[in-house]
Amino acid sequence: MVYRPITGVWEITMGNNVRGGHYGSFYSDPLPDELTTAEAFDLIEQIAYLGLRYVTLSGGEPLTRRDWAQLVNYLTRRGVSVNLITNGWAVTEEVAKQMKNCNISTVVVRVDGTREVHDRILRPGVYDRVEQAFRILRQHDIDTRAITTLSVENKDILPQMKDELIRMGVSSWQLSLGLPTEMMGGRREDWMLNPSQMDDILRFCTETNNEGNIEVYPANCLDCHSRNRFGKRFSSAGCEAGTGGLGFLYNGDIVSCVSIKDRNYIEGNIRERDLQSIWEDESKFLWRREMTNEKLSGDCQVCQYGSECLGGCPNTRLVIGRNLYGENPYCSHNFAVKTERKRISELNDATELMASAKALIEEHKYQKATMYLDRLIELRQDNPEAYRLKGFIEYQNGNYEQSEESMVQALSLDPSDSHATKVLGMAVFKQGKRTEGIRLVERSLQMGEATAQEELKALKYEKENNRPYPRRQPLQQNRVEKELFVRF
Ligand code: SF4
Ligand code: SF4
């Protein structure tokens, strides 16, 4: 598959003039192995050649790099739209004029609290510079936005921050999740939000947007799946690391995303290879390009949205669980699933559990139905219908191995179950054992499963043609089913 990168984030320096807080580097000076101006220009040529349309400059603090304006100028002349993320400290009239002259697209200023909180996180006087930056940039008619790294320090003052940003004339505001990394100023987990607070953040975004005074949106690290809980998903792109986007580190290292610092995920260095050959190397970026929901773990692996969202932000999974294939506890949906499972684990009436599961299956709320069935199976391992329904749901969700396991259990309790035999055959077929799968579906037909006729036709067609049987389904019905499916 050919991937075309559209966006990139480039940490042009690790030097920083306002150290501390949730973000940026701890270094006051640039690191010795940062790209020279000539090397940076060469990288820009390669970025343009590869076809990137947007590049965000960050750091460290990008304005501490002496040639920042030359880099912006070069990028825009080569047709690349440039955003720059700054702490605002160095934004003066002169800097704003330079930005304007370079045709910078957007300047994003970091704001991590009200005056009191921002200055406490960083140092006294920084908030004054933030206010000054917003004022100067507005006067120079530069598109200016705000970004906040969420932590326990600021989660409760978002309404006050909103009022302040509106007062300062800011019209767009991004919230991202602070993670306990070097980027969080060396702070530990006790600065991080709790998964149970994600809904509060998403609700705040929704309500603020409804007010219409400022646009506030969660970064992809927060927005992996909010549609079902708050009416819509805020962004449509999802994580594009390694597929539609990439990152450039200060020393020319190429990564899928600059947030992922682990050395195991450095894909190459432009001092050793050109950018295009790194991007097009079929052995690179594989963790991302070959990611499927089946490779994830926990509730992300079996999630009804898994094939679409692939577990949300990989960096969150890596930092929190030390595993790119782990589950994402900071997903609002993930938290809701866990909360619901806990509630269901306290139910003890097998008849009611089965009735609830069946009602949910009728409504296509499969993930929730599975929780009722799991609880029922925990209480009663001798109920073939529970296994049969679970196997059916797992088949619907594309978890064919689990579907096979459940159907084997169902048939061990009731060998005469023709429906279980049919779905077992379908699950086995989907795992590559095609002859065995067709044999089982034929058997289910002999056992009296009338619906097996159509499935048999479909499986034989797929075996012969190596592509799925083209089923006719009215578009409208398909749409309604999909909508029902996405409600948890
Ligand atoms: S639980 Fe995992 S797979 Fe499902 S929406 Fe959340 S992050 Fe995505
Ligand atoms: S890994 Fe996370 S932070 Fe990086 S691009 Fe993907 S969603 Fe964004």
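Trainee: So a crossover is right-handed if, with the strands pointing away from the viewer, the path from the first strand over the helix to the second runs clockwise. Which helix makes a right-handed β-α-β unit with β3 and β4?
Mentor: Helix α3, residues 93-101, does that. Keep in mind that this is a predicted model.

Trainee: Got it. How many bridges pair β3 with β4?
Mentor: Four, and β3 pairs with β4, residues 106-110, in the parallel sense. In that pairing, Leu84 stands opposite Val107 of β4.

Trainee: What about β5, which strand does it run parallel to?
Mentor: That would be β6, residues 172-177, with five bridges joining it to β5, residues 144-150. One pair to look for is Leu150 with its bridge partner Leu177 in β6.

Trainee: Which strand do four bridges join to β6?
Mentor: β7, residues 215-218, and β6 and β7 run parallel too. Look for Ser172, which stands opposite Glu215 in β7.

Trainee: Changing topic: the ligands. Which residues come nearest to ligand 1?
Mentor: His225, Cys300, Cys303, Cys331 and Asn334, out of 15 residues around ligand 1. Three helices each give at least two residues to that shell: α11 (298-302), α12 (306-309) and α14 (332-344).

Trainee: How does the shell around ligand 1 look by class?
Mentor: Six of its residues are nonpolar, seven are polar and two are charged.

Trainee: And how many charged residues are in the shell around ligand 2?
Mentor: There are no charged ones around ligand 2; the shell has seven nonpolar and three polar residues. Among the residues around ligand 2 are Cys221, Cys239, Cys257 and Cys313, along with Asn220 and Asn315.

Trainee: OK, a helix now. What span should α15 have?
Mentor: At 1.5 Å a residue, the 13 residues of α15, 350-362, should span 18 Å, and its end C-alpha atoms are 18 Å apart, so the two agree.

Trainee: Which residues of α15 are buried?
Mentor: Leu353, Ser356, Ala357 and Leu360. They sit on the same side of α15 because they cover an arc of only 100 degrees around the axis.

Trainee: Which residue has a positive phi of about 55 degrees although it is not a glycine?
Mentor: Phe285 has one. Phe285 is in the loop between α9 (275-280) and α10 (286-289). Arg322 also belongs on your list, with a positive phi near 55 degrees in a residue other than glycine. Look for Arg322 in the loop between α13 (314-321) and α14.

Trainee: Is Phe285 buried or exposed?
Mentor: Buried, because 23 other C-beta atoms lie within 10 Å of its own, and 20 or more is enough for that.

Trainee: And Arg322, buried or exposed?
Mentor: Exposed, since Arg322 has 9 other C-beta atoms within 10 Å.

Trainee: Last one, the big picture. How many helices and strands does the protein have?
Mentor: The protein has 22 helices and 10 strands. Of its 488 residues, 44% count as buried. Along the principal axes, the C-alpha atoms fill a box of roughly 85 × 45 × 40 Å.

Terms used
Residues numbered from 1 in each chain as written. Chains lettered and ligands numbered in written order. Predicted model: local features only at pLDDT ≥ 70, side-chain atom pairs only at ≥ 80, totals over all residues. Near = placed C-beta within 6 Å. Nonpolar A, V, L, I, M, F, W, Y, C, P; charged D, E, K, R; others polar. Pairing = 2+ DSSP bridges. Expected span 1.5 Å × (residues − 1). Buried ≥ 20, exposed ≤ 12 C-beta atoms within 10 Å, placed from the backbone. Arc of directions from axis to C-beta.
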